[in-house]
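Here is a report to read with the structure open beside you. Take it one heading at a time and find each part as you go.

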Amino acid sequence: MATETLRSETPQDAEDAAELLRACAADGIAVRFAGGATKAWGHAGGDDGLRLCTSALDTIVEHNRGDLTAVLQAGVPLRALDELLADAGQMLALDPPLGAGDAATVGGAVAAGDSGPLRHRYGAARDLVLGMTVALSDGSLARAGSKVIKNVAGYDLAKLFSGSFGTLGLITEVIVRLHPRPPDHATAVGATDDPAVLQDAALALAANSLEAQALDVRWEAGEGLVLARFAGIAATEQAAAAERLLGASGVQARTVEEDAALWTAQRTGQRSAKGAVVRVSGRPTQLAESCEAAKAAGATLVGRAALGLSWIALPAAAPAELVQAIAGLRDTLRPSPGVVLDAPAAVRAQLDPWDHPEDSALVLMRRVKARFDPTATCNPGIFVGGI
Amino acid sequence: MPGPTRLVTVPAQTITTDPAPLTPELLARLRAICGPAHVLTEPIQLRTYESDGLLQYRATPGAVVLPGSATEVRDVVRACATAGVPWVARGAGSGLSGGALPVAEGVLIAVTRMRRVLEVDLPNGRIVVQPGVTNTEVSLAVGPTHFYPPDPSSQIVCSIGGNVAENSGGAHCFKYGFTTNYVTGLEIVLADGEVVTLGGKEVDRPGYDLLGAFVGSEGTLGICTAITLRLIPVAEATETMVAFFDSTSHAGEAVSEIVSEGVVPGAIEMMDTLTIQAAEEAVHAGFPTDVGAALIVELDGSRAECDARFDDVVRICERSGASEIRIARDDAERMAIWKTRKAAFAAMGRVAPHYYVQDGVIPRTKLPEVLARITALAEEYGMRVGNVFHAGDGNLHPLVCYEGEEEAERAEELSGRILEVCVEAGGSITGEHGIGVDKKRHMPTMFAEPDLAAFQHLRCAFDPRGLANPGKVMPTPRLCGEVPGPYRQHPLEREGIAERF
């Protein structure tokens, strides 16, 4: 993306940002939102107009320790937030890979609907965001949700904006639910070179009542791993129980107490600097098929076993080869959609990164876009159906 | 469920672009779609549907239709769209905010005949159901290995379709979340009769999270005809206890300590003296009636985690001054504790002839402060207010008791002031009952004009003619402007937010 050539503005507060949007809408100028600028995803060509950076919207407005909530401006870096919350024995259970320079912001992660291994236990960004303030292209600042974890007043616009890639408006502030940070961790690891055995082991753990904090799989260079992480005062005991269960499923099982590196690798596996990453929204019972597809493509797979989500990372290759490899993966895994995340612009220009059919849902999405951003000012062209 | 007897007849809504009367032609069409036996028009039949669980509002629909399939729902909605007649979807009619209150002379679409479980897929942790399936039936269909966590008190009768519309919660949502955290797929019919599939068994399908927008939209964005839900494996161990305290503030301190120690109970519920007395009269579980508060704590999870944490909870309750702690030794004792809690609303009818239930939410740490203000308000009004809380998530259900018709207005006023206290404390006017008609006048307490305008954008994208459940949620009727073209350049041409009163 040629974003460095764009004129750039850094609003100092939400009101500034809303006014900037209004002015650009009136002048017919597209606005490109940037948090940590770590995710150049979506349709290629989203490089015209003006760039709006949220880097000055970086205030942790409230940390309500007793209520386990926080009010965060969109530009707060996830890493700085995590350090602050760690001191209080708490965490925001949103752990996507943080991108180049660990620059990912809370607003960017929410807008992209990104997630990491903790999603297994704590849900996606949309499940952790209690409220939101958004700047719309008519210059208004609208709030939805609240500071309490239970609230059904009004429409849940916070969910609508989560994962909307800035195409409806700019997220200026989010209110999030926090969780206690468990003191101890242990991971049960099962290894096998047979995708079918890997799937059976993963399904056995997913159906079990042991409450894992994360339940991941990995396929790399002919070997598969299933990883079940437990947290809290009984972490080691639970991991031992999971190890027994894995052993009974026919995989080589062990327990790892110093497990941080394993999980860093799982998060890193969701990104690729030079190759391409396809995120497959599949089903847990498709895991073996996904591993076979990754194997055939010489790719690495990381996934959330109980959620059916996989990130398949294809190694760097010429654009035409990557395009072909992506098409092959999609064909194999259809009807599960495979969204292209990281990929060179030349690759994203030659395919639909979203893999979304022209159906009645897309018609409805266009209607939503037309109501919230009738001037098509906010990140136009990068989202599903060219929204 | 007993409720106030004061009845407000709601006049015909006048907010759709061009509401049309229910003509004989439309009735004939509805009969052709659903069969004559499933289109009700006799006054005596219609009376059943005049109110939902909130009895102080009544409106008589022109017809009640009982479609038996998704195709019939679609055709009914299409017929209404063609005729320009507004309609309201209704599940079991157990809602507590008037969300399923009919539009006078409009069509009421009751999904009570659509009660089939379409698919159970345990390996993928999913169930697909029709909207009339009850909440309890879902858990029964997936047991004993799995369960469906959202468990509103009305779970035996309430429908999943209604749960989706209201984003229902329940006692276990502090740990497990709400309906919106469990719906992964919906088949919906928009007010123009278009069928749209949102999500599926898979998560993170590309595009806007329209599932998140639809769940909790109180029937104003369309009607769902099939629902895919996420299921959870049943916990290895469940431990339940009830601790009694001399005051709600001491019980509240225990709640704060439990949560701040990192314990995430499956449920943590509080009842005050008045509600304990009422519930005890109804179910005789042997709760002492001279205490200030009862705190029910349920832990679930792995056996090892559960046992370790349960000792922590008992210790915290003792330290916070619990006068007595009872631990359920078996399922029967556990059920007795829960029966007392879930009977609380219905049982209030035994201590007061009429009451208003409120549904405010506050940040948990504001509990002592807010309770003191509610007590002061109750004294000011000279009325009794019972309190039941989902204590973990700060959801209060104050029950404002009153004696006769003449007190109804003051009771309603007191209820409204309690909601204002909740919002001032940083909370919400409703945690799980919804806005419906009952709380829409309080919406401006919580939301400013730009917020409401943004809500209207969503409403207009789904239902520009305002045919689906008009007159709910938004505080004042609004019209949608022209559907703007996606690349129109002039903001001034954009929708005019007309208001008609």
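## Before you start

This is a predicted model, where local features need pLDDT of at least 70, side-chain atom pairs count only at pLDDT 80 or more, and totals for chains, interfaces and linings use all residues. Residues are numbered from 1 along each chain as its sequence is written, while chains are lettered from A and ligands numbered from 1 in the order in which they are written.

## Chain A as a whole

Chain A has 13 helices and 18 strands. Helices (H or I, at least four residues) and strands (E, at least two) are DSSP runs, numbered from the N terminus. Along the principal axes, the C-alpha atoms of chain A fill a box of roughly 65 × 55 × 35 Å. The radius of gyration of chain A is 21 Å, which agrees with the value near 21 Å for a compact globule of 387 residues. That radius is taken over C-alpha atoms, and the globule rule is 2.2 Å times the number of residues to the power 0.38.

Of those 387 residues, 62% count as buried. Buried means that 20 or more other C-beta atoms, placed from the backbone, lie within 10 Å of a residue's own. Now for contacts, meaning two residues whose C-beta atoms, placed from the backbone, lie within 7 Å. Among the contacts in chain A with a separation of 6 or more, 70% come from residues 24 or more positions apart.

## A covered strand in chain A

Look at strand β7 (residues 129-135) of chain A: seven of its seven residues are buried. Strands pair if DSSP finds at least two bridges between them. β7(A) pairs with β9 (residues 170-177) of chain A in the antiparallel sense over six bridges, and Val129(A) has Val176(A) as its bridge partner there.

β7(A) also runs antiparallel to β8 (residues 141-145) of chain A, with five bridges; here Met132(A) is partnered with Ala144(A). The hairpin of β7(A) and β8(A) has five residues between the strands, and Gly139(A) takes a positive phi near 90° in it.

## A strand and a helix in chain B

Over in chain B, seven of the nine residues of strand β14 (residues 237-245) are buried. Nine bridges join β14(B) to the antiparallel strand β16 (residues 293-301), and four join β14(B) to β17 (residues 324-327), also antiparallel. Phe244(B) stands opposite Ala294(B) in β16(B) and opposite Glu324(B) in β17(B).

Which residues of helix α4 (residues 135-142) of chain B are buried? They are Asn135(B), Val138(B), Ser139(B) and Val142(B). They sit on the same side of α4(B) because they cover an arc of only 90° around the axis, judged by the directions from the helix axis to the C-beta atoms. Their packing partners in chain B include β7 (117-121) and α5 (160-166).

## Core and contact

A nonpolar core is a set of buried Ala, Val, Leu, Ile, Met, Phe, Trp, Tyr and Cys residues joined through C-beta atoms within 7 Å. The largest one has 292 residues, and among the members that touch the most others are Val226(A), Ile312(A) and Leu295(B). Leaving out residues up to four places away in sequence, Leu295(B) touches several residues, including Phe245(B), Met270(B) and Cys317(B).

The contact between the chains takes 79 residues from chain B and 78 residues from chain A. On the chain B side, α16(B) gives the largest share, nine residues.

Note on methods
Buried ≥ 20, exposed ≤ 12 C-beta atoms within 10 Å, placed from the backbone.
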